[in-house]
Amino acid sequence: MWDARLAGKIGAARLSLKGSWEDLREAAVMNTLDNRQLQWDDRAMLQAKVDTGGELFSAYGTYTYRFQQNKARGVDVNWNNLTLGGSYVFSPDLNGFAEFSSDDFRVGGEAESGQALDFYYPNSRTVACGLNWSKDPSTSASASLNYYESGDVRGTQLTMSLRRRIGLDNDLELVVATWRHEDKLYDLTGYRTTIVMVRYSVKF
């Protein structure tokens, strides 16, 4: 196994790189009808991270590549992940954040049924953003939106909350959430729901 790491700065940005590689030299004998090995012959990972920011703004990005291969079974999995995000302070009372994430797969090989394994590794995208507001230590509110899609499904989750401290040891919170999930292929697992919740807490 090989492992390497490197870190440094480029201007105001901090950069880190790391990678690893595992090479299978000797495999165990499989005592099954199909005696082809179950372990991966090769596993590799490469990741690069960068982040920067100041008093009001911060941003980050991460790229990760992973590779796995089983030569005896003719299977290889290539995975690319990219994540970008950041946060910003609009005022002493208001701040926000946003993040985007993407997963892309390229898979070679077939299942015993003859189905291409690539079918079981759908690409996906996720976007999340939100705002946090605080008028004073006793009153605060937040709102967040999350959107995702993967293969034949996609969904949106919107959640809002308002919290009020009504005493030294008492808090009252109102939460409203609207969620939607769609199954674009079979239309069997889709749903739409709205949740309204009131929470009262007391410290003992």
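Phe119 is exposed, with a relative accessible area of 52%, where exposed means over 50%, buried under 20% and partly exposed in between, as computed with a 1.4 Å probe and with protein chains only. The residue belongs to a predicted model, in which local features need pLDDT of at least 70 and side-chain atom pairs count only at pLDDT 80 or more, while totals for chains, interfaces and linings use all residues. Residues are numbered from 1 along each chain as its sequence is written, and side-chain values use heavy atoms, with hydrogens and water left out.

Phe119 forms an aromatic pair with Tyr120 that is edge-to-face, at 5.3 Å centre to centre and with 85 degrees between the planes. Rings of Phe, Tyr and Trp (for Trp, the six-membered ring) are said to pair if their centres lie within 6.5 Å, and planes under 30 degrees apart count as stacked, over 60 as edge-to-face and the rest as tilted. Tyr120 is partly exposed, at a relative accessible area of 47%. By this rule the count comes to four aromatic pairs. Another edge-to-face pair is made by Tyr88 and Phe90, with 5.1 Å from centre to centre and 70 degrees between the planes; here Tyr88 is partly exposed, its relative accessible area being 36%.

The strands were considered next. Helices (H or I, at least four residues) and strands (E, at least two) are DSSP runs numbered from the N terminus, and two strands pair if DSSP finds at least two bridges between them. An open sheet of eleven strands, with antiparallel pairing, runs in the order S1-S2-S3-S4-S5-S6-S7-S8-S9-S10-S11. Its edge strands are S1 (2-10) and S11 (191-202), each of which pairs on one side only. Direction ignored, neighbouring strands of this sheet are turned by 10 degrees against each other on average, where axes are lines fitted to C-alpha atoms, for helices over the stretch in contact, and angles run from 0 to 180 degrees between N-to-C directions.

Within the sheet, strand S3 (residues 42-53) pairs with strand S4 (residues 57-70) in the antiparallel sense over twelve bridges, and Arg43 has Gln68 in S4 as its bridge partner. The hairpin that joins S3 to S4 passes through three residues. On pairing with strand S5 (residues 75-91), S4 again adopts the antiparallel sense, over 14 bridges. Two examples of residues facing each other are Phe57, which stands opposite Tyr88 in S5, and Tyr63, whose bridge partner in S5 is Leu82. The hairpin of S4 and S5 has four residues between the strands, and in this hairpin Gly74 takes a positive phi near 65 degrees.

Charged side chains were then examined for salt bridges, defined as a side-chain nitrogen of Lys or Arg within 4 Å of a carboxyl oxygen of Asp or Glu. The structure holds nine salt bridges. One of them joins the side chains of Arg14 and Asp51 at 2.4 Å, N to O. Because Arg14 lies in strand S2 (residues 13-23) and Asp51 in strand S3, this pair ties together parts that are 37 residues apart in sequence. Arg14 is partly exposed at a relative accessible area of 43%, and Asp51, at 26% relative accessibility, also counts as partly exposed. A further salt bridge links Asp3 and Arg5 (3.5 Å, N to O), in which Asp3 is partly exposed at 48% and Arg5 is exposed at 61%. In the salt bridge of Arg163 and Asp171 (2.8 Å, N to O), Arg163 is partly exposed at 31%, whereas Asp171 counts as buried at 9% relative accessibility. Arg154, Arg180, Glu182 and Arg192 are linked in a network of salt bridges.

Finally, a nonpolar patch on the surface is formed by Trp133, Leu162, Ile166, Leu172, Leu174, Val196, Val198, Tyr200, Val202 and Phe204, with about 1,100 Å² of accessible area together. Patches are made of residues with over 30% relative accessible area and no salt bridge, like charges being joined within 9 Å and nonpolar side chains (Val, Leu, Ile, Met, Phe, Trp, Tyr) within 5 Å; the areas come from the Shrake-Rupley method with a 1.4 Å probe, and for residues only the protein chains shown count as cover. The elements that give two or more residues to the patch are strand S10 (170-183) and S11, and S11 provides the largest share, four residues. Trp133 has its place in strand S7 (residues 124-136) and, at 33% relative accessibility, counts as partly exposed.
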